[in-house]
Amino acid sequence: MSKDHRPHSSSGDPASGLSRRNLLSAAGWSAAAAVGAPSALAQSASAPPLRTAVAPVYFPREGLVPELSIGGKVAVITGASRGLGLATGLRLMAEGVTVIGTSRVPGNYPGHPFPLLPLDISVKASVDAFVGALAAQLGGRSIDILVNNAGRYVIGTPVPIAPALAGLFESQTQLAMETLYVGHVRVTNRLLPLMTQSAYSRLLFTVSGAGYFVGGTALSEANGLSFFSAYYSGKRALLAYANNLRGFLRTSGSPIQVSTVDPLVMNTALPVGLNPIYLEPVGGSGNSTNPFLQAVLEAFRAAHAVGLSPDFVAETYAQLLRMQDPLPNVLTGSRIEPYATQCASALVERGYLDENAQSALPIGAAGAPVAGSV
Ligand SMILES: NC(=O)c1ccc[n+]([C@@H]2O[C@H](COP(=O)([O-])OP(=O)(O)OC[C@H]3O[C@@H](n4cnc5c(N)ncnc54)[C@H](OP(=O)(O)O)[C@@H]3O)[C@@H](O)[C@H]2O)c1
């Protein structure tokens, strides 16, 4: 990690006037951004003028001096068979942490660098069995660090594409909310009593930049982001849960400190094959005969293929965990090239501003006229 990832001042983005009609050619905001296509680094011509700049809390930070050692701590990381969970486990092991990970099917990962216990967070019985297996694995030790990281993309339009597919849509949406939100609440509730209650104790969540950029804007329409409606909804719910839990634990006198890590576009298998939860039928390789969906899939897969290394998230966790007072919420990304393009930071920031412009509680320059106020 040799580059400076500290926040820098905001800069504007060019406008190009993308519309829903050219969704297919522009599909995939992050893909286009990742390959540097200027037309997608765009705000719709109809979007309201921006009065606000964003100052993202990007991590990891250059030169951040660790305040604490975490050597000898015990960490549990859900969804650690690959991707961000695996990278984080390896990074914490390098700090001398004992890491226990999870997978729905640990047998698929022979020779894994740390133990993987079976866990499907969307299935209550699996969580029950996991708690027992984990207690046995811990052998009387408590959990010092819990990283709720497991997750899947959820991809499809916000409504069923045909009445006959309404049942599939509903059951997949249910699975999505179990995977992105309810499952994490379930795991957290069951593991809180196993966590260290009297000293260093950390509870973290891999949420997403999507928790802050929820679409519903002209920019989203132009770039196919409404295909991620359920993912955004689940991540937003998880973000709210984590932030409420932080305050509740603090006011309860618990030493457990809560943070969220919110990555932008990372190079993992998140959008690959059947890893995502699809809200409409796809083939065995996760490809669709629906040209709109297929275009979005290809664009997002291309974007992730050149996204940031999972090591950025791992380093973010390593930094937060060695801070005396960890920040509550941080983005993993950067405005500095080539990282800005790789993690599509310009479009994420643009989307956030667009959302603010139509918010019921917009943040703007002090003294500026506020549309619709009474
Ligand atoms: N990649 C990105 O750009 C990005 C950006 C923002 C946020 N995130 C979030 O980061 C987290 C990790 O994703 P990733 O990018 O590393 O993707 P990934 O490579 O697909 O890894 C996902 C992990 O979650 C596990 N998992 C999936 N469903 C599960 C379930 N129902 N119960 C328990 N474990 C489950 C998987 O394990 P098994 O398949 O072995 O069960 C795997 O270890 C997710 O929460 C994702 O939403 C990723």
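Me: How much space lies in the largest cavity?
Reply: The largest cavity holds about 50 Å³ of space. A cavity here is a set of points on a 1 Å grid over the protein atoms alone where a 1.4 Å probe fits but cannot get out. This is a predicted model, in which local features need pLDDT of at least 70, side-chain atom pairs count only at pLDDT 80 or more, and totals for chains, interfaces and linings use all residues. Residues are numbered from 1 along each chain as its sequence is written, and side-chain values use heavy atoms, with hydrogens and water left out.

Me: Which residues line the largest cavity?
Reply: Its lining consists of Leu-64, Val-65, Pro-66, Glu-67, Gln-319, Arg-322 and Met-323; lining residues have an atom within 4 Å of a point. By class, four are nonpolar, one is polar and two are charged.

Me: And what volume has the second largest cavity?
Reply: The volume of the second largest cavity is about 30 Å³. Its lining includes Arg-202, Gln-257, Ser-259 and Pro-326. The elements giving two or more residues to this lining are β7 (201-206), β8 (256-263) and α9 (310-321).

Me: Changing topic, at what angle do α4 and α5 cross?
Reply: The axes of α4 (residues 124-138) and α5 (residues 166-191) cross at roughly 30° and come within 10 Å. The two helices are therefore roughly parallel to each other, a term for angles under 35 degrees.

Me: Which residues make the contact?
Reply: On α4 they are Lys-124, Val-127, Asp-128, Phe-130, Val-131 and Leu-134, and on α5 they are Arg-186, Val-187, Arg-190 and Leu-191. Contact means heavy atoms within 4.5 Å.

Definitions and conventions:
Axes fitted to C-alpha atoms, helices over the stretch in contact; angles between N-to-C directions. Helix = DSSP H or I, 4+ residues; strand = E, 2+ residues; numbered from the N terminus. Parallel < 35°, antiparallel > 145°, perpendicular 65-115°, else oblique. 1 Å grid on protein atoms, 1.4 Å probe; cavity = no way out; pocket = protein on both sides within 12 Å on 5 of 7 lines; lining within 4 Å. Points joined across faces, edges and corners; volume = space filled by probe spheres on them. Nonpolar A, V, L, I, M, F, W, Y, C, P; charged D, E, K, R; others polar.
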